[in-house]
Structure formats: C-alpha cells, structure tokens
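This report covers the pockets and cavities of one protein model, together with one of its helices.

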Amino acid sequence: MGDLLDRQLHRAFGGCSISRSKSGDTPDYFCAESVDRVFLAEAKGRYTSIGFATKEFDGWREQFNRVQVLDAAGIPRSVKGHVVATRFATERDSAVVRTTLLAEDPQSPGERPLDGELARVLGSAIIGSHYSRIAEKLDQPLLAAALRNGVTLPPEILVPVVVWELAMPPFKGRRFVGGYFSPDDTPAFRVMDGKVVANRNDPLRLDRPRATFFGVEEKIFRQIVSACRSTGRFDEQLNQLENIEPIYSGISMLRDGSIVGPAEFFLPISTATL
C-alpha cells in the first residue's frame, strides 16, 4: 500500500490514482491475483480472543473506508477487500486456547466497481510495484525504476544478470537470476579443479555466518524484462510457480518466482544480458 497510496500513477496507468479519504490506518496491501483481478487485503494476528462482533474487527473493517481508487475522471471505484484475522496459541496454552481463523470481504467505497480496463491498469501497476522491489534486491535499479513507473526500458539500457541453478531436489536444475548477500567481504564461492564450489573462509569454525542467495526464476524474470521492453505494462498474466514442494527448512520459494536460501544450495552457471 505504501508504494501506491497518495501517489499519482504514471500516465501509462490511465491517470488513475489511489488516495487516503480519511485519517487513520489503511489496509496493509494492494494485491493482484491476476492482471485484471485486484483487491485490498488486511492481515491480523493475535494471541487474545478475536471475533466478528468485537471492537477490534470493527476497526479492521473501517480501514477499507479510508482508501479510495479514483479513475481518470476522479470518480471513486469500489475495490473488493479481504480481512483475515488469526488467533494463535503456543504449545504451553494449546490445551485451553482454541486457534481461530476469521475472514471477511468488505468493499472500499466507490460509485462504480473497479472493472474492465481500469482494473487491468491498476493490476499492472500493482504487479510492477511488487517486482520493482524484487529488482532493487537484485541490484537492478534501472529495471526497478521502469517497473515502478510503468515506463518502457530503452534498448540501450542493458540488464546484465547471473544465472544460477538450484542443486537440491526436487527442483534440482531449476534456473534463477540472482546473487548473494554476504555477512562480510569473503567471496562465497571459489573455483577448484575447474568447478565452482562454496567457499568457507575458516572450515574449522562452525559458527561463522554464511552467505544468503536471493533470486527469481529465470523464465519469470525474462517475462518481466520483456514487458518493460515493450509497453512498460503487464498486459498479460505472468507465469507463476505451481506445486511448490518443500525443499529444506532454510529455503523459501514463492509462487511469484522469488527464492531465498543458503548460498551453498545454488551454483552460478552462466551470465546473460537481457
């Protein structure tokens, strides 16, 4: 929400804007399930009791009345929302506390529903904002700026990347564009006997922090760059990763194609310029 609220979207997004209509908290997220299915979302977690008839839940509903989507003519459009509230329990009190999951779907105020081309325009802006943050983490500031503002990436601006392979089943061989974050200046990899291997600066110590890999599935990353090269908008739905099976507790892979995990599980195999 913070990336889009009270900011005039680029002309490529049809002149629509997202503004605060009242003071106070707003929903946490603008989400795009697909390029033309947009909704607002608010997630809450508590150890205390929750319920639809509580003052807290009323406050969460009210957040959806504090944000509005305006089309190019300044007419507010209603957006579907989702509130998901969860009551947690610890192992110590699980015998007496019943965990609860409550969900409700309030609408933001508007004279007309958000649909048609305007929904696609806003959906593209949300997807672009999401991948803009990912591009920043990948040290691609020019790509991030293009995604954030919905503008085309000129052909003279190149996107150099390193392609990595995941070395762990069940996704062994899956390719990602990415790199690693290191706790110090020690290189995380070295070449030994013509092969790239993980580098341990002090193999005698077991408490040294390791490097962390971050990347995006290669085909999805190429789709992102292709959209920036053509229109600057996501006119078609991006691929998503399906059937994500557990790999290792230290690796997290999401349907948007992003992945994070210990650098030792990944091997750099080639470079590319997109």
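Helices and strands here are DSSP runs, numbered from the N terminus. The model is predicted.

## Largest pocket

The largest pocket holds about 820 Å³ of space. Its lining consists of 27 residues, and Phe 30, Cys 31, Ile 126, His 130 and Asp 256 are the ones nearest its centre. Two elements, β3 (29–34) and α2 (116–137), each contribute at least two residues to this lining. The largest share is that of α2, with 8 residues.

By class, the lining of the largest pocket has 14 nonpolar, 6 polar and 7 charged residues.

## Second largest pocket

A volume of about 180 Å³ belongs to the second largest pocket. It is lined by 13 residues, of which Arg 37, Val 38, Phe 39, Lys 80 and Leu 114 are the closest to its centre. Strand β4 (residues 37–46) gives the largest share of this lining, 3 residues. The lining is made up of 6 nonpolar, 3 polar and 4 charged residues.

## Cavities

The model has 2 cavities of 30 Å³ or more. The largest cavity has a volume of about 280 Å³, and 22 residues line it; Asn 199, Arg 200, Asn 201, Pro 209 and Arg 210 are the closest to its centre. Its lining comprises 10 nonpolar, 4 polar and 8 charged residues.

The second largest cavity contains about 30 Å³ of space. Its lining is formed by Tyr 131, Ile 134, Ala 135, Leu 138, Leu 143, Leu 147, Phe 221 and Ile 224. The elements that supply two or more of these residues are α2, α3 and α4, and α2 has the largest share, with 3. The lining has 8 nonpolar residues, with no polar and no charged ones.

## Helix α4

Helix α4 spans residues 218–230, 13 residues in total, and extends 18 Å from its first C-alpha to its last, close to the 18 Å expected at 1.5 Å a residue. At its start, a side-chain oxygen of Glu 217 comes to within 3.0 Å of the backbone nitrogen of Lys 219. After the helix comes Gly 232, which has a positive phi near 80 degrees.

Buried residues in α4 are Glu 218, Ile 220, Phe 221, Ile 224, Val 225, Ala 227 and Cys 228. Among the elements that cover them are α2, α3 (141–149), β10 (160–166), β11 (175–181) and β14 (212–217). Phe 221 and Ile 224 are buried in α4 and also line the second largest cavity.

Conventions:
Residues are numbered from 1 along each chain as its sequence is written. This is a predicted model: local features need pLDDT of at least 70, side-chain atom pairs count only at pLDDT 80 or more; totals for chains, interfaces and linings use all residues. Side-chain values use heavy atoms; hydrogens and water are left out. On a 1 Å grid over the protein atoms alone, a cavity is a set of points where a 1.4 Å probe fits but cannot get out, and a pocket is an open set with protein on both sides within 12 Å along at least five of seven lines; lining residues have an atom within 4 Å of a point. Grid points are joined across faces, edges and corners, and a volume is the space filled by probe spheres set on the points. Helices (H or I, at least four residues) and strands (E, at least two) are DSSP runs, numbered from the N terminus. Ala, Val, Leu, Ile, Met, Phe, Trp, Tyr, Cys and Pro count as nonpolar, Asp, Glu, Lys and Arg as charged, and the others, Gly among them, as polar. The expected span of a helix is 1.5 Å times one less than its number of residues. Buried means under 20% relative accessible area, exposed over 50%, partly exposed in between (1.4 Å probe, protein chains only). Contact means heavy atoms within 4.5 Å. A polar contact is a pair of N or O atoms within 3.5 Å; within protein, one must be able to donate a hydrogen and the other to accept it, and residues adjacent in sequence count only if both atoms are side-chain atoms.
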